[in-house]
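Subject: Structure for your review

Dear colleague,

Please find the structure below, handed over together with its sequence. My notes on what was found follow directly after it.

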Amino acid sequence: GKRVWLDCDPGHDDATAILLAIHIPGIRLVGISTVHGNTDAGNTFKNALRCLYAFGADPSILVHRGVSSPLLKAAKHDPEIHGFDGLGGVEGLPSADDHPVIRNQLEKSESSGLRAVEGIAKAVKDAMRNVEKITVVSTGPMTNIALFVSVYPDLLDSIEEFVFMGGGVGQGNRSSVAEYNILCDPEAAQIVLNVTVKKIMVPINVTHTAIVTRSIHASLLDPQQAQTSSSSNLPLPQPKTPLRRTLSTLISFFASSYESTFGFKDGPPLHDALTIAYVARPDLFKCTRHRVDIELTGTHTSGETVVDLFNYRRCDETWGRAGKNCLVAEQLDGHDDATAILLAI
Ligand code: BDR
Ligand code: CA
């Protein structure tokens with residue numbers, strides 16, 4: 001399978017990205033790093049460890065603690081969407097304090113956020129030794145990744161691609177035009193966008209089309225129900241396995257956040273899971289290559305992903321500063337396949 005590194009800020013939908021990265025065929029998850037974002041860097045680190053144990057990950061997969069704040073801005077968390085510890089309402093995960101392995105990792109981690117950068121570098125070097133490349137996936141603010149590309153420019157040739165959830169084409173979720181991951185650390189995002197590595201952006205335009213409806217939620221709990229259910233007002237059946245029950249509590253909490261904050265009535269999007277779905281099944285996504293930059297100084301538009309849809313700037317076919325630097329995901333085909341991936345767990 002493809003070697004994949006996941007940098008994340010769990011976070012409900014990050015947790016689903018972790019789950020898919022562990023179990024989806026065709027992916028070999030080689031490591032995880034965590035970053036400030038949905039909650040503080042201590043919590044995101046702890047949450048990633050809790051998810052790995054609960055989701056049955058191979059114990060050789062380590063979590064590397066990342067930085068606590070953006071490059072220039074003050075850290076900004078999102079308790080309104082994810083609860084105070086980042087995984088509000090999620091049941092069935094081990095508590096960090098009670099779980100000896102997690103406690104041990106927490107004690108060893110100290111507070112040094114540079115472990116993430118070093119972890120990514122080591123994973124890239126391991127890939128190089130095996131004459132392979134590595135795909136780096138980002139589902140949170142891009143601070144760790146920006147530091148990695150700045151400190152280790154020589155390793156970039158061994159990155160297959162950067163796949164990130166973030167941004168929006170003409171729309172935002174944490175301002176009129178800015179999406180949360182980019183808004184949290186816009187300078188970091190611009191640094192990453194400028195490197196000469198192939199990039200794929202999975203913006204909210206696409207993630208908002210992949211909704212966990214009540215009927216998908218119901219079929220997660222009871223696969224038999226999937227064929228017979230209609231999509232509205234379903235009484236949710238009893239879950240069959242502990243992991244499905246955990247996922248169900250996650251979806252329920254996220255659904256109520258999305259309903260109260262954004263008015264999503266049908267269910268929540270699982271933004272971050274789509275990055276892993278892309279790595280496993282790029283054929284499900286329609287993407288177009290564009291120049292993408294970040295608005296760093298706007299009065300109303302800071303953190304906007306500025307997408308040059310008609311190549312006004314006459315950018316070339318390179319991935320760096322002068323080029324059409326990013327494949328922008330526009331459409332997810334075969335929703336049923338994407339759902340099937342989630343339900344296969
Ligand atoms: C992104 O922000 C966070 O709330 C989610 O985890 C996702 O990565 C969506 O805008
Ligand atoms: Ca996230």
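Strand β2 (residues 27–34) pairs with β3 in the parallel sense, over 3 bridges; two strands count as paired if DSSP finds at least two bridges between them. Within this pairing, Ile32 stands opposite Val63 of β3. Helices (H or I, at least four residues) and strands (E, at least two) are DSSP runs, numbered from the N terminus.

Please note that this is a predicted model, in which local features need pLDDT of at least 70 and side-chain atom pairs count only at pLDDT 80 or more, while totals for chains, interfaces and linings use all residues. Residues are numbered from 1 along each chain as its sequence is written, and chains are lettered from A and ligands numbered from 1 in the order in which they are written.

The sheet

Strands β2 and β3 belong to an open sheet of 9 strands with mixed pairing, in the order β3-β2-β1-β4-β5-β6-β9-β7-β8. Its edge strands, each pairing on one side only, are β3 (63–65) and β8 (305–308). From one strand to the next, the twist averages 30°; axes are lines fitted to C-alpha atoms, for helices over the stretch in contact, and angles run from 0 to 180 degrees between N-to-C directions.

β1 runs parallel to β2, and 7 bridges join the two; Arg3 stands opposite Arg28 in β2. Because 6 of its 7 residues are buried, β1 is largely enclosed by the rest of the structure. A residue is buried if 20 or more other C-beta atoms lie within 10 Å of its own, exposed if 12 or fewer, and partly exposed in between, with C-beta atoms placed from the backbone.

Val4 lies in β1 and counts as buried because it has 25 C-beta neighbours inside 10 Å. Not counting residues up to four places away in sequence, Val4 touches Ala21, Ile27, Arg28, Leu29, Val30, Thr135, Val137 and Val279; contact requires C-beta atoms, placed from the backbone, within 7 Å. Val4 and Arg28 are 24 residues apart along the chain, and their C-alpha atoms are separated by 5.9 Å.

Further along the sheet, β6 pairs in the parallel sense with β5 over 4 bridges and with β9 over 2 bridges. Lys199 in β6 is the bridge partner of Phe162, and Val328 in β9 is that of Met201. Both faces of β6 are covered: Lys199 and Met201 on one side, and Ile200 and Val202 on the other, are all buried.

Helices and core

Helix α13 (residues 273–280) lies across β1 (2–8), β2, β4 (134–138), β5 (159–165), β6 (199–202), β7 (285–294) and β9 (326–332), and runs at about 150° to β5. Helix α10 (residues 214–221) is mostly covered, with 6 of its 8 residues buried, namely Arg214, Ile216, Ala218, Ser219, Leu220 and Leu221.

The largest nonpolar core has 96 residues, of which Leu6, Ile18, Ala21, Val192, Val202 and Ile276 touch the most other members. Such a core is a set of buried Ala, Val, Leu, Ile, Met, Phe, Trp, Tyr and Cys residues joined through C-beta atoms within 7 Å. Leaving aside neighbours within four places in sequence, Ala21 is in contact with Val4, Leu6, Ile27, Leu29 and Ile276.

The ligand shell

Of the 16 residues around ligand 1, those that come nearest are Gly11, Asp13, Tyr180, His271 and Asp272; a residue is near if its C-beta atom, placed from the backbone, lies within 6 Å. The elements giving two or more residues to this shell are α1 (12–23) and α7 (180–184). Gly11 lies in the loop between β1 and α1, and a cis peptide bond with omega of about -5° joins Pro10 to Gly11.

Cys184 has its place in helix α7 and is buried, with 30 other C-beta atoms within 10 Å. Leaving aside neighbours within four places in sequence, Cys184 is in contact with Gly37, Pro70, Lys76 and Pro141.

Two residues in the loop between β8 and β9 may interest you: Asn311 and Arg314. Asn311 has a positive phi of about 50° although it is not a glycine, and phi of Arg314 is near 55°. Asn311 counts as exposed with 12 C-beta neighbours inside 10 Å, as does Arg314 with 8.

With kind regards

Technical notes
Contact = placed C-beta atoms within 7 Å.
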